[in-house]
Amino acid sequence: MLTAGLALFAYLLGSVSSAVLVCRLWGLPDPREHGSHNPGATNVLRLGGKLPAVLVLLFDILKGTIPVWGGYFLGLDPLDLALVGFAACMGHIYPLFFGFKGGKGVATAFGAMAPIGWDMTGALIVTWLVVALRSRYSSLGAIVTCLLAPLYTYFFKEQYTVSVAVVAALILWRHRGNIIRLWQGTEPKLGEKKRHAE
């Protein structure tokens, strides 16, 4: 019952689209209809610059961290925590309050994985930064980080490996379009505003 309640809370919290709300506050275009059409920090960066993008990133991370950390302190086992983290990501991807049209879930998944520990958090951040900055593809950074996340978890806290793999698999599935565009050479790079992606 506790797990179900936390999973519902995680989904509802995840359903709060910070990208849409921040864009409204800043007077920016709806990120679901402009740029890459993805309501996430990278698209907000293209549409409005660094400050609104950072706010979106922080809010989206917290959507994953708050329910998972709460479940951790309430004594949920790793698989139940995976369900809570999965629910938060599903809320972000299919938000109840925003017509079920959400983002890729990368920041929320990161937030869900972060309570594992600072070592895990650092490894995820460094991996994304190295890949994204060197390649200039935000999506490639997310894809590589998700592929490596279960491996990192195995070394840092083995008992959470399956939990992280479940969340990582969801994010990779959401990036299937990006994977195709990367292969075709049509994926927009960081800082590009004119090329569009779904």
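How many disulfides does the count come to by the distance rule used here? The count comes to zero disulfides, where a disulfide is a pair of cysteine sulfur atoms within 2.5 Å.

## Basis of the report

This is a predicted model, in which local features need pLDDT of at least 70 and side-chain atom pairs count only at pLDDT 80 or more, while totals for chains, interfaces and linings use all residues. Residues are numbered from 1 along each chain as its sequence is written, and side-chain values use heavy atoms, with hydrogens and water left out.

## Cysteines

A disulfide is a covalent bond between the sulfur atoms of two cysteines. The count for this protein is zero disulfides. Cys-89 is in no disulfide, and the nearest cysteine sulfur, that of Cys-146, lies 8.9 Å away.

Cys-89 has 0% relative accessibility and therefore counts as buried; buried means under 20% relative accessible area, exposed means over 50%, and partly exposed covers the range in between (1.4 Å probe, protein chains only). Cys-23 counts as buried as well, because its relative accessibility is 1%.

## Overall fold

The protein has ten helices and zero strands, so that the order of elements from the N terminus on reads α-α-α-α-α-α-α-α-α-α. Helices (H or I, at least four residues) and strands (E, at least two) are DSSP runs, numbered from the N terminus.

The radius of gyration of the protein is 16 Å, which agrees with the value near 16 Å for a compact globule of 198 residues. This radius is taken over C-alpha atoms, and the globule rule is 2.2 Å times the number of residues to the power 0.38. Along the principal axes, the C-alpha atoms fill a box of roughly 45 × 35 × 25 Å. Of the 198 residues, 50% count as buried. Among contacts (heavy atoms within 4.5 Å) with a separation of 6 or more, 65% join residues 24 or more positions apart.

Helix H3 spans residues 41-48. Ala-41, Asn-43, Val-44 and Arg-46 are buried in H3, and the buried residues of this helix pack against H2 and H4. Gly-49 follows H3 and has a positive phi, near 100°.

His-37 is placed in the loop between helix H2 (18-26) and H3 and counts as partly exposed because its relative accessibility is 34%. Arg-136 lies in the loop between H7 and H8; with a relative accessible area of 40%, Arg-136 is partly exposed.

## Pockets

Pockets and cavities are found on a 1 Å grid over the protein atoms alone: a cavity is a set of points where a 1.4 Å probe fits but cannot get out, a pocket is an open set with protein on both sides within 12 Å along at least five of seven lines, and lining residues have an atom within 4 Å of a point. Grid points are joined across faces, edges and corners, and a volume is the space filled by probe spheres set on the points.

The largest pocket has a volume of about 940 Å³. Its lining holds 40 residues, with Thr-42, Leu-57, Val-106, Trp-128 and Ser-138 nearest the centre. Helices that each supply at least two lining residues include H3, H4 (50-73), H7 (118-135) and H8 (138-156), and H4 provides the largest share, six residues. The lining has 20 nonpolar, 13 polar and seven charged residues, where Ala, Val, Leu, Ile, Met, Phe, Trp, Tyr, Cys and Pro count as nonpolar, Asp, Glu, Lys and Arg as charged, and the others, Gly among them, as polar.

The second largest pocket holds about 170 Å³ of space. Residues lining this pocket include Ile-61, Trp-69, Phe-110 and Trp-118. H4 gives the most to this lining, with three residues, and the classes are six nonpolar, three polar and no charged.

The largest cavity has a volume of about 160 Å³. Of its 14 lining residues, Val-68, Leu-81, Ala-112, Ile-116 and Tyr-160 are the closest to its centre. H4, helix H5 (78-93), H6 and helix H9 (161-174) each supply at least two residues of this lining, which divides into eleven nonpolar, two polar and one charged.
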